[in-house]
Amino acid sequence: MQSNKRTTLLQQLPAPLMFKRRGETSYCLNAALLKLFGFAAGKDYRAKPTVFRFYDPLTKRELIGEECPFQKIEKSGFASTWVRLKTSERGLLCFITGSVIKNDDTEWLVFHIEANNHLMEINSERAGAKRHIEFNQLLTKFSSKLINASANDLDIIISQSLAAFGEFCDVDRCYLFEFTDNLQLMSNTHEWVAAGVTPYIDQLQSMPTSEMPYLMYHIKQGLFKIDDVGNIPDSAIVEREEFQKENICSILCSRIIANGKTHGFIGCDITGSPYTWSPSDIEYLQRIGDMLGNTLQNIYNRKAIHTMQLELIEANKQLQKLANIDGLTGIANRRLFNSTLDKDLAQSCRKQDSLSLLLIDVDFFKLYNDQYGHVAGDNVLQKVAQTLVNSCVGTDDLVARYGGEEFAVILPATTTDRAKEVANRIIGGVKGLGIKHEASPLDGVLTVSIGIATQADNCDGNCIELIDKADKALYRAKSTGRGRVCA
C-alpha cells in the first residue's frame with residue numbers, strides 16, 4: 001500500500017522524474033518527464049534503462065559502464081552531472097540528479113531531470129527576458145568574431161556559431177546549406193549535431209535543387225517551418241520521405257541573403273518526435289542567418305575590392321609593358337633600352353665588371369622595302385628581332401629595337417671577345433633565315449651589320465660615349481662591305 005502511494009506521489013510531482021524500486025529492471029516515468037521528452041502520455045509508463053542513452057555534452061562520447069548514471073546510482077546511491085540524454089523521442093541537454101529514497105524496507109532509485117530545454121515555450125516573462133539577454137550575448141560574441149573574419153577563418157567561426165546556436169536552442173542538428181550561383185545545386189557545407197545524433201553532411205553534397213521543390217519554394221520566400229514532417233503534403237512526398245529517412249520530425253530553415261541574392265539557408269532539426277517551433281526559435285534562427293549573411297557580404301565586398309586591386313595592378317603592368325615594348329617586334333623599345341643601359345652600366349662600375357653593347361643594322365633595308373613593300377619589311381624586322389633574342393643566352397641580356405631597322409643588344413658582364421661570339425651568331429642566324437633580297441649585293445639574301453663597344457672595368461665612360469663607340473664601329477662594318485662585325 002505504501003509503495004502504491006509512493007508511486008502515485010512521484011507520478012504527480014511537477015518535476016520530471018524517473019524512478020524504480022531497487023531490484024526492478026525498468027523505470028517508471030512520471031507525466032512531467034513524458035511531456036518533456038515527447039512520449040505519449042500514460043498513467044504508468046515504464047521503460048527499460050536501455051531506452052535512455054547518456055552522452056558527455058562536450059566530447060559527445062556515450063557514457064556506458066561505470067560512467068553511466070544508472071550504474072552510479074546503483075553503486076553509490078547518488079549521481080549528479082550534465083549529460084545529453086537521448087531517447088527514442090528526443091534528445092535534450094539535462095542536469096540529472098540521482099538519489100536513493102528509503103521507505104520502510106524499500107529503496108527507491110530516483111532521477112530528477114532538469115532540462116536546459118529551450119525548445120519548450122517559456123511561460124515566465126522574466127525567464128523569457130533572461131533568455132533574450134543570453135541570446136543577444138551569444139550573438140554579440142560571434143558578431144565581433146565575424147566582423148573582421150578572413151575567408152580562412154570563416155569556416156571555423158561558422159562551425160562555432162552553429163554549435164553555440166544548436167546547444168542554446170537544444171536542437172539535434174544545426175547546419176548551413178549553400179547554393180551554386182545559378183541555384184541549381186546545394187551543398188551542406190557546415191553541420192553541427194548533438195551527441196547521439198547521426199551526421200549527414202557527407203551525403204548532402206551537390207544536391208540538385210530541382211529534387212527539393214517544396215523546400216526551395218519556401219526558402220525563396222524566406223522561411224521553411226515544419227512542425228511535423230508527417231504533415232508535408234503528398235505533392236512533396238519525395239522530400240517528406242527523405243526527411244523521415246533521416247529521422248527528422250521538425251525542421252526550421254531561414255534564408256541567407258548575400259551579395260543581393262539567395263546564398264543559401266541556415267537550419268535546424270528535431271529528431272524523434274514533432275515539435276512546435278516557437279516565435280523565439282524563428283527569431284533567433286533568422287538573426288543568426290542575418291549575421292552570417294552580413295559576414296558573407298563583407299567577405300564578398302573584400303574579395304571584390306581585392307579583385308579590383310589585382311586588376312588595377314595588372315592594368316598598370318600592361319601599361320608599363322606597352323610603354324616599354326616595341327609594338328611591332330615585341331622586344332624592348334628605345335625607352336626601355338635607355339633606362340636599362342644606364343642601370344646596367346652603373347652596376348658594372350660598382351662590380352668593376354665589363355659590359356658590351358651591340359648596335360645592329362639591317363643591310364639595304366630601304367631597298368628591300370622599295371622592292372617588296374612595307375608589309376614584307378615589317379615581317380623581316382620581326383624575324384630579325386626573334387633571331388637576336390635566340391642568339392643571346394645571358395639571363396640579363398636585353399634585346400631592343402633602337403629605331404627603324406636598327407637594333408641594340410646590351411650584354412652585361414661580357415668582354416669584347418664574348419660579344420664578338422654573340423655578334424657572329426647573329427650574323428649567321430640572320431643569313432640562315434634565307435630571306436630573299438635581290439637588291440642586295442651580298443649573295444641576294446638579307447644580312448645585318450654589327451658594331452661592338454665594350455665598357456671595361458675602369459668605368460672611363462658613360463652611356464652616350466658607349467653608344468657613340470658602338471655606332472662608329474657599326475659605321476666601319478657598313479663601310480667595309482656590310483654583313484660583318486666590327487669592334
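Tutor: Begin with a helix laid over strands. The model is predicted. Helix α8, residues 279-324, lies across β11, β12 and β13. α8 runs at about 35° to β12.

Student: In what order do the strands of that open sheet come?

Tutor: Strands of a sheet pair through backbone hydrogen bonds, either parallel or antiparallel. Here 6 strands form an open sheet, in the order β10-β9-β8-β13-β12-β11. The pairing is antiparallel.

Student: Which strands stand at the edges?

Tutor: β10 and β11 do. Each has a single partner strand, so one side of each is left without a neighbour in the sheet.

Student: How many bridges join β8 to β9?

Tutor: 7 bridges join strand β8 (residues 173-179) to strand β9 (residues 185-193). The two run antiparallel.

Student: Which residue in the hairpin of β8 and β9 takes a positive phi?

Tutor: L183, with phi near 60°. The hairpin has 5 residues between the strands.

Student: And how many bridges join β9 to β10?

Tutor: 2 bridges join them, and the strands run antiparallel. β10 covers residues 207-208. M186 stands opposite M207 in β10.

Student: Now a single residue. Is F179 buried or exposed?

Tutor: Residues under 20% relative accessible area count as buried. F179 has 8%, so F179 is buried. F179 is found in strand β8.

Student: What is F179 in contact with, leaving aside its neighbours within four places in sequence?

Tutor: The contacts are L185, M186, T209, M216, I219, T262, H263, G264 and F265. For scale, take T295, 116 residues from F179 along the chain. The C-alpha atoms of F179 and T295 are separated by 16 Å.

Student: Let us turn to helix pairs. At what angle do α10 and α11 pack?

Tutor: Two packed helices are described by the angle between their axes and the distance between the axes. α10 (residues 365-372) and α11 (residues 374-391) pack at about 135°, with their axes 7 Å apart. The two are therefore oblique to each other.

Student: Which residues of α10 meet α11?

Tutor: F365, Y368, N369 and Y372 meet H374, A376, G377, V380 and L381 in α11. By class, the residues of this contact are 6 nonpolar, 3 polar and no charged.

Student: Where do the axes of α9 and α13 stand, in angle and distance?

Tutor: The axes of α9 (residues 334-351) and α13 (residues 463-479) come within 10 Å and cross at roughly 110°. That makes α9 roughly perpendicular to α13. F337, L341, D342 and L345 in α9 meet C463, L466 and I467 in α13. This contact has 6 nonpolar, no polar and 1 charged residues.

Student: One last residue. Where is D363 found?

Tutor: In the loop between β14 (355-362) and α10. At 1% relative accessibility, D363 counts as buried.

Student: Which backbone nitrogen lies 3.1 Å from a polar atom of the D363 side chain?

Tutor: That of G483. Leaving aside neighbours within four places in sequence, D363 is in contact with H437, L442, L446, T447, V448, S449, R482 and G483.

Technical notes: Residues are numbered from 1 along each chain as its sequence is written. This is a predicted model: local features need pLDDT of at least 70, side-chain atom pairs count only at pLDDT 80 or more; totals for chains, interfaces and linings use all residues. Side-chain values use heavy atoms; hydrogens and water are left out. Axes are lines fitted to C-alpha atoms, for helices over the stretch in contact, and angles run from 0 to 180 degrees between N-to-C directions. Helices (H or I, at least four residues) and strands (E, at least two) are DSSP runs, numbered from the N terminus. Angles under 35 degrees count as roughly parallel, over 145 as roughly antiparallel, 65 to 115 as roughly perpendicular and the rest as oblique. Contact means heavy atoms within 4.5 Å. Ala, Val, Leu, Ile, Met, Phe, Trp, Tyr, Cys and Pro count as nonpolar, Asp, Glu, Lys and Arg as charged, and the others, Gly among them, as polar. Two strands pair if DSSP finds at least two bridges between them. Buried means under 20% relative accessible area, exposed over 50%, partly exposed in between (1.4 Å probe, protein chains only). A polar contact is a pair of N or O atoms within 3.5 Å; within protein, one must be able to donate a hydrogen and the other to accept it, and residues adjacent in sequence count only if both atoms are side-chain atoms.
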